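Here are a few exercises to work through with the structure open beside you. Try each task before reading its solution.

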Amino acid sequence: MSSATTSESTSESSIDMSTKTTGAVIDEAGFRDGPFGGFAGDLRTVRILWRREMVRFLHNRARLVMGLAAPLLFLFVLGNGIGSTGGDLGLYQAFLFPGTLLMVVQGPAVAVGTVIMWDRQSGFLRQMLVAPVRRAAVLAGICLGGTTTGALYALPVLALAGAMGVPYHPRLLLVLGEITLLAFALTALGVSAAVCIRRPETFQIVSGLAMAPAVLLSGALFPVGGLQSWLGMVVRANPLSYGVDALRRTMPDPDPSAPTPAWFRAGPEWWGWAPPVLLELSLVVVPSLILLTLAGRRFSRID
Amino acid sequence: MPGADIAVRTEELSKLYGTREALVGLDLTVPAGQIFGFLGPNGAGKSTTIGILCTLLRPTLGHAWVAGAHVAREAGRVRRRIGVVFQEQTLDQDLTAMESMRLQAELYGLPGPAARAASTALLDLMGLADRAGHVVRALSGGTRRRLEIARALVHGPRVLFLDEPTTGLDPQTRAAVREHLRLLCREHGITVFLTTHHLEEAEHCDRIAIIDDGELVAEGSPGELKAVIGADLVTLRTDDDERVAEAVRGLFGVATVTGPGGVRLRAPDGAALVPRLCAELTVPIHSVTVEPPTLDDVFLHYTGRTIR
């Protein structure tokens, strides 16, 4: 290429070169690491989709406020209302704390599913699917994005712990870890539903119908330890019950100076045996992982 | 497996949705470095074909190779070697033109410097250099389409698929997009495979294949296909169409069709017929028009109906 060429022809020959060389680079990498660029390629895909969720989170601060407003309102109104019946206000608010955290991370989990719906509608997803990337990595990236968003939503609630009668204690860091894990499980659930449901309207209805009862029947609002009726059965069958209980057993005592009443930490029991916290967490996370894997298979299938 | 001079080849390619045949035994060969148009009415099987060639759909029967790789057995390889512009817009509304390019480059695993160089050069090539910093949301329809084409090229594909690339664009923008595609073909040796239901669009392709009801009905250059019709359409407007039709049949021995638009007949050299018609017909003639065959005539010829 001579340096005397006009600017226009220079730009054209440079594109010529760049498309040729980049094409060669890709092909070479493709043949060495397999069609999707190997593990490095998968990590790249995950990073791209995770970052996209983060950009969405940062762009949409109104959504953050909305996502926090409803659970906090719920916490303070219900906490105060029930407290006025003569019970211990501070204690009941502290009791609602784990449920509030769970409600807060539910929002981003559903939102991620909705994003998949819109991406499918808008064709963005198809653009991803014709790229040489592993489809499971696409789902993993979206899932991690939703999890991070969930954890970021949980931070302000944890920061407000004092106002809810939960003392600031290093154990809250453990709670943050747990809620991040639960955020992942819920996001995986939302993503799985979004992969299997084609119509955004249906997804909206399904998520709306599933989310509220799941919290209501999880022991987020009332102690479930002694429940024996059909309600007890439903609560024990609801994976979220174990998530709520794990959070409640991990969080610090509401009043360090007085013993915490037994009903406060009475979670779901199996024939008189209370499963340990780690088992409780895996009861939420493992089924979600299985669902996500199945969704990943379905997503990778070419019709 | 086809050689390097063949961009796309299909053998007996078929796709069933349940029992509905969307595509039936398609045999297609697209030479490299050309603009290939896939013409047919809506629902003829064009999008299904593109879906299979882009590895988004699995063929029920048959085989297809794109840029030397098998679409089902070597999907990853095919994906590396093709660029795709879908019918619906697939840009992220909140990104700038340059960010869209960079995202795509990252998705295809281009190293940073190569990604920067290719993005800049392609925006330049598509006449978008001054829009690099603009947010997609603020761009016009034609500009977005050109950005989508630029984006689809960032990894240096050998074959560019475009599904109805000029739908919804005004004629001027349509011409601009066409010109850019022509440039890609000529200067960079990229094969362009586009679908269209616009006859006018197909006229500008090097080769076209006409598809109807999932079956290939004709293939060739627009000129070759029109040569099959072999005759111009002559339309006469007169005082008495019936008498003229009869006279034409008697004098020239050609079949005529009389309709509200006048008397129509087909003749190999329509223009040469005009003076003879005027000289020999006794009924007053108001007008004579001669039209060369169109692709719509070709479509009518093969399918018995018009594409419109």
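**Exercise 1.** Find the strand order of the open sheet of 6 strands in chain B, and work out which strands stand at the edges.

*Solution.* Start with the order: in this predicted model, the strands of the open sheet in chain B line up as 6-7-8-3-9-10, with mixed pairing. Next, look at both ends of that order. Strand 6 (82–85) and strand 10 (215–220) of chain B each have a single partner strand, so one side of each has no neighbour in the sheet.

**Exercise 2.** Take strand 7 and strand 8 of chain B: do they run parallel or antiparallel, and how many bridges join them?

*Solution.* Strand 7 (residues 159–163) and strand 8 (residues 191–196) of chain B run parallel, and 5 bridges join them. To place one of these residues, pick D163(B): its bridge partner in strand 8 of chain B is T195(B). Helix 5 (residues 141–152) of chain B touches strand 6 and strand 7 of chain B, and its direction makes about 160° with that of strand 6 of chain B.

**Exercise 3.** Which helix of chain A gives the most residues to the nonpolar patch?

*Solution.* First list the members: L189(A), V286(A), I290(A), L291(A) and L294(A) form this surface patch, with about 410 Å² of accessible area together. Then assign them: helix 11 (residues 277–300) of chain A gives the most, with 4 residues.

How values were computed:
Residues are numbered from 1 along each chain as its sequence is written. Chains are lettered from A and ligands numbered from 1 in the order in which they are written. This is a predicted model: local features need pLDDT of at least 70, side-chain atom pairs count only at pLDDT 80 or more; totals for chains, interfaces and linings use all residues. Side-chain values use heavy atoms; hydrogens and water are left out. Two strands pair if DSSP finds at least two bridges between them. Helices (H or I, at least four residues) and strands (E, at least two) are DSSP runs, numbered from the N terminus. Contact means heavy atoms within 4.5 Å. Axes are lines fitted to C-alpha atoms, for helices over the stretch in contact, and angles run from 0 to 180 degrees between N-to-C directions. Patches are made of residues with over 30% relative accessible area and no salt bridge: like charges are joined within 9 Å, nonpolar side chains (Val, Leu, Ile, Met, Phe, Trp, Tyr) within 5 Å. Accessible areas come from the Shrake-Rupley method with a 1.4 Å probe; for residues, only the protein chains shown count as cover. A salt bridge is a side-chain nitrogen of Lys or Arg within 4 Å of a carboxyl oxygen of Asp or Glu.
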